[in-house]
Each structure stands twice: as C-alpha cells, then as structure tokens.
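Here's a quick tour of a protein fold, meant for someone just starting out. Have the picture open while you read.

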Amino acid sequence: LVCVKPQPRRQPRILQEEKIMQRKDFGLMLRQYRGKSGETVAISILVLIFVACLFYDVPNPLRASNLPNGHLSQHEQHDGAVVTSSNDLQIPHNSEGLKRTVAQAKPHRVVRRERPPPASVFPSSTTRPRTVPPNEGSLSNPTLSDEEVIRLCSGGKPAKDCPMNVLQNVHPLDIKMKPYPYLVKEGALPSWIYERLEAQFPKDDVIVDIKLNGRKVAVQNNFRVDISMKQILGAESRLPPLWVAFSKFHSSRPFYEEVLRVFEQAIQTQRPEVVKSKNKTLSEMNLDIRFMETPEADLNIDCQMGINTPVKSMGTVRGLHHDVMIEIFAGLLYMRHEGDTSRGGKFQVWNCPAPCAKDMYKGPNKSSRMKLVEEVPYQRNTLAWFINSRTSIHAVSPRSVTPYSRRLVNFIGQTVVRKASPGASPDPSLSEEEDSATTLSATSASSSVEAPISNAKDPCPPLKPGHTILDSPVLGDEHLPYSGHEAIAKKLGVVYSPPPPGCSSPAPIASK
C-alpha cells in the first residue's frame with residue numbers, strides 16, 4: 001500500500017458519462033441483431049451442443065471397463081504386463097450392434113514381461129549362471145522313483161537337477177548377517193522327497209551300531225551320535241540306498257558349488273583368513289571327503305546322519321559354544337518324528353558383543369550382555385545354516401522328557417590344516433582348539449582303527465590290543481584337545497590314556 005501510487009479520484013460527472021456510453025453500445029448491438037433471430041437461435045444451439053459435449057462422457061467400446069471380464073484394451077498396461085491383440089473391433093453406429101460386437105469380442109492374449117530376479121547382495125566372484133533356485137522340472141516331479149532320484153543326484157550332475165538338494169530353495173538374500181551369517185529355511189526340501197527320506201531314515205540302533213563299530217556301550221541320556229560319510233561308505237549295505245545317495249551328493253563338488261552360490265560372499269566376509277591362507281579363491285580350492293583327504297586337498301566336506309538320544313531327564317545336549325575354528329560352515333536339517341510331542345531342542349543363535357571372550361558365555365560368570373537373537377524350532381524339514389567363527393555362538397535349548405530321539409542331518413565344511421614345517425608357527429586363526437571341553441556332550445564315539453606304525457619319526461606308540469580311538473563327541477573327528485577327550489572318557493566310564501608329547505594322534509582309550 002505504501003509503494004502503490006494512489007490514483008486520482010474520478011469526478012462523478014465522468015463516471016456518469018461512461019455509463020451512458022456503455023448503454024449506447026449495448027443498444028447498438030441489439031439493433032444490429034434485430035431482425036436476425038434465425039441466426040441468433042442457430043448460434044445459441046451450437047453453443048449448447050458444445051457445452052453438452054464437454055460434460056457428457058461418451059462410452060468408449062475399447063475401454064477395459066466396457067469389455068467382458070478378463071479383456072483388456074489394446075493400448076492398456078496393467079502391473080507391468082504388455083497387452084497385445086490380433087483382432088480389430090469394427091464399431092457400428094447403432095447401440096445394438098455395439099453390444100453384439102463387444103459380447104462377441106475374443107479374449108485378448110496377455111503377454112507378461114518376465115521380471116528379472118532381484119540382484120544378490122552377495123555378488124559372486126565365480127561364474128554361475130543360476131542365481132535363483134529352480135522350482136520346475138525334476139524338482140517338482142513326485143512321480144520319480146527312488147532309482148531315478150538317485151540317478152539325478154549322482155555322477156557329478158549339476159545340483160539344480162537333484163531333488164534332494166537342501167539348498168534348492170535358498171537364495172543369498174535369505175541370509176541374516178547379524179550377529180553372524182546364518183539362515184533358517186522352513187520347507188527346505190519338496191514335501192514329496194522329504195517324506196520319502198523321513199520314512200527311510202535309519203533307526204537309532206543302526207546309527208549307534210555303525211558309530212561304535214559293533215561295540216556294546218550303554219546308551220546315555222540325551223547325547224549326540226552321528227555317522228560320517230566315511231562310515232556311511234563302510235556300511236553302505238546296511239543303509240537305505242536313497243540315504244546313501246543323499247549323503248554322497250551332499251559330500252560332492254556339485255553341492256559345494258551350491259554352498260558357494262549361497263554363502264560365498266558371507267564366507268569371505270566372516271572368514272577372510274581361509275582364502276588368505278590358501279592363496280586361492282573358494283571356487284579354486286581342491287575338495288575331498290572328510291577323513292579321506294588327499295595331500296592336494298584344501299577343504300573337506302561331510303554329510304552326517306545323526307541323533308540326540310531319547311531324553312530321560314530334561315536338559316540340553318549342548319550349551320553356549322562356537323565350533324572348532326577349522327570348521328567354515330555347518331548346517332542342520334531336522335527330521336522330527338511325527339509322534340514327537342516334546343518341547344525344546346531348538347537351535348539358538350546368540351549375540352556375543354565385542355570383544356567376545358570365553359568368560360562372557362562360559363562358567364558361572366556369564367555376561368548379562370549375551371543376547372538370544374533367534375530360536376530355530378525343532379520341526380520337520382527345517383534347515384538351519386551358519387558360518388562358523390569365534391563370534392558364532394550358538395546352543396541347543398533344553399529338551400523335555402521324550403522316548404523319541406532328536407533326528408537330524410549335519411553338513412560340515414572344514415579347511416585342511418597342514419602340519420607346520422620345523423620352526424614355523426601355525427596360523428592362530430585356524431587353531432583347532434575347541435572353546436571349552438566342559439560343555440561337550442558325551443557320546444560313545446569310539447571306532448576301531450589300525451595301530452600306527454612305530455618308527456623314529458612318529459612318537460605315537462602303537463595301540464595295544466583292546467584299545468580304540470576316542471572320536472570327538474560332537475563332530476565325530478579327532479580335532480579336540482586332550483582335555484576334551486579326558487572329560488568325555490570320564491563320562492563314558494572308560495580309562496583315558498593320554499599320548500606322549502609330540503604325538504598328534506588322538507588319545508587311545510580302553511574299555512572297562
């Protein structure tokens with residue numbers, strides 16, 4: 001208001017003269033159109049028609065809303081789908097013809113554009129064209145016989161063709177990276193192949209007998225017994241052929257490539273020292289079956305059938321721990337009995353905050369900072385998998401009293417540690433030392449082996465008659481400190497005999 005220059009006020013006489021002139025102009029216009037009423041009416045009608053067309057929505061016969069259900073316009077798109085049609089509608093001028101044409105219109109063929117799979121958060125360094133799990137072909141064919149399934153999963157055929165592949169429905173995006181890389185997959189196997197495997201799962205006494213190699217040891221309450229791939233091959237005639245083929249496939253190179261498809265980047269992130277120590281990429285490493293390694297092996301792999309024996313008094317089979325550091329990954333596939341109504345037995349994922357040390361999750365002074373992240377329920381056809389490291393703390397929740405064993409399949413991948421040359425120090429990051437022997441569950445994990453040959457280079461004495469080698473109670477191998485063997489031998493009620501200094505063989509024991 002301050003900036004606007006005020007206009008001079010008009011005189012009343014001037015305003016009156018302007019109004020007179022406006023009235024004269026309007027009267028002149030009326031006189032010009034006087035006598036031309038026909039033209040005036042025509043113009044008015046045209047104006048009314050124009051206004052009516054603006055506000056009236058003329059029906060479009062090609063619009064999707066005016067076509068029968070399922071029909072789409074030739075130019076419309078819906079949810080990324082491209083619509084094409086081969087028929088051109090001829091629209092008549094009368095309404096009856098329009099209705100007849102729309103009713104007789106043929107359905108339009110909808111061609112949907114295939115969407116690319118989501119980009120993996122773990123780009124692989126190796127060339128593997130399959131980035132998503134297959135869901136067609138032989139994997140979804142329940143009419144296959146056991147012999148055809150065995151044929152598809154043997155002979156080094158690609159993992160994508162094997163219906164028994166436990167990672168067939170797993171994608172790298174399924175991995176949870178905190179507190180350490182792990183995944184949980186319900187319905188890991190197609191239901192038809194899982195039901196066959198479940199029906200043919202070896203009985204408890206067969207697994208125990210193969211593990212003990214015929215020795216008679218009392219089965220204790222709630223402890224772990226499993227048979228390795230080497231033992232499965234030695235007792236192949238006593239096991240169902242489908243389970244032998246299952247174990248062979250999951251101890252093969254094609255399955256190792258499946259592991260890399262899903263977990264390669266997670267392994268490189270969590271265990272970089274494995275690649276560094278071998279000077280090879282994970283895909284370039286030589287692979288062998290555990291306990292059957294050749295001198296050229298960089299990694300070994302195993303598939304074990306196992307059980308936790310029936311529970312007579314409620315308790316846990318394993319407390320808080322991490323696995324031995326030569327282990328890179330581990331997996332569990334649960335095969336729960338249909339009639340098992342027990343509670344507990346869940347796989348627990350724990351978060352151990354940095355710096356994670358033994359005294360934070362062991363002994364009476366457990367840190368209150370330890371946090372339970374997730375519990376994987378013990379249920380049928382459920383897969384739990386994790387990348388092992390010093391922070392990969394996990395446990396099994398206490399299980400209630402039950403006459404049923406806790407059935408499972410254990411998948412293991414380990415790095416082969418070569419003996420250090422004289423004067424060289426071993427890599428501490430790949431130490432075979434277990435976190436603690438006090439949390440290990442006892443098993444009758446003894447098997448007869450040949451006595452080592454005694455010579456000047458081997459300080460290990462030969463086994464005496466009646467002595468056997470004590471295996472690891474959890475992994476079924478010899479990678480435990482001798483204190484662990486001593487604790488297990490004591491719980492088993494057998495005599496422990498530690499080896500002399502410098503002997504790298506497991507400790508010999510003798511039965512009572």
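This is a predicted model: local features need pLDDT of at least 70, side-chain atom pairs count only at pLDDT 80 or more; totals for chains, interfaces and linings use all residues.

Residues are numbered from 1 along each chain as its sequence is written, and side-chain values use heavy atoms, with hydrogens and water left out.

**The overall build**

- The protein chain has 11 helices and 17 strands; helices (H or I, at least four residues) and strands (E, at least two) are DSSP runs, numbered from the N terminus.
- Out of 512 residues in the protein chain, 43% are buried. Buried means under 20% relative accessible area, exposed means over 50%, and partly exposed is in between (1.4 Å probe, protein chains only).
- Take the contacts (heavy atoms within 4.5 Å) between residues at least 6 apart in sequence: 76% of them join residues at least 24 apart.
- The protein chain has an accessible surface of about 28,500 Å², and carbon and sulfur atoms own 56% of that. These areas come from the Shrake-Rupley method with a 1.4 Å probe; for residues, only the protein chains shown count as cover.

**The disulfides**

- A disulfide is a covalent bond between the sulfur atoms of two cysteines. Here the cut-off is a pair of cysteine sulfur atoms within 2.5 Å, and a search of the whole structure turns up 2 of them.
- One links Cys153 with Cys162, with the sulfur atoms 2.0 Å apart. Both Cys153 and Cys162 are buried. The torsion about their S-S bond is about 95°, so this disulfide is right-handed.
- The other joins Cys352 to Cys356, again with 2.0 Å from S to S. It's right-handed too, with 105° about the S-S bond.
- Are Cys352 and Cys356 buried or partly exposed? Cys352 is buried, because its relative accessible area is 6%, while Cys356 counts as partly exposed because its relative accessibility is 23%.

**The nonpolar cores**

- In soluble globular proteins, nonpolar side chains tend to be buried together. A nonpolar core here is a set of buried Ala, Val, Leu, Ile, Met, Phe, Trp, Tyr and Cys residues joined through side-chain atoms within 4.5 Å.
- The largest core has 62 residues, and the members touching the most others are Met164, Phe246, Phe263, Leu333 and Trp385.
- Zoom in on Trp385: leaving aside neighbours within four places in sequence, its contacts include Val166, Pro181, Phe255, Phe263 and Phe411.
- There's also a second, separate core of 12 residues, with Ala330, Tyr334, Ala384 and Phe386 among them.

- Look for Pro355 in the loop between strand S9 (347-351) and strand S10 (371-376).
- Asn279 isn't a glycine, yet its phi is positive, near 55°. Asn279 sits in the loop between helix H10 (272-278) and strand S6 (287-289), and counts as exposed because its relative accessibility is 71%.
- Phe291 also has a positive phi, about 70°, without being a glycine. You'll find Phe291 in the loop between S6 and strand S7 (299-308); at 21% relative accessibility, Phe291 counts as partly exposed.
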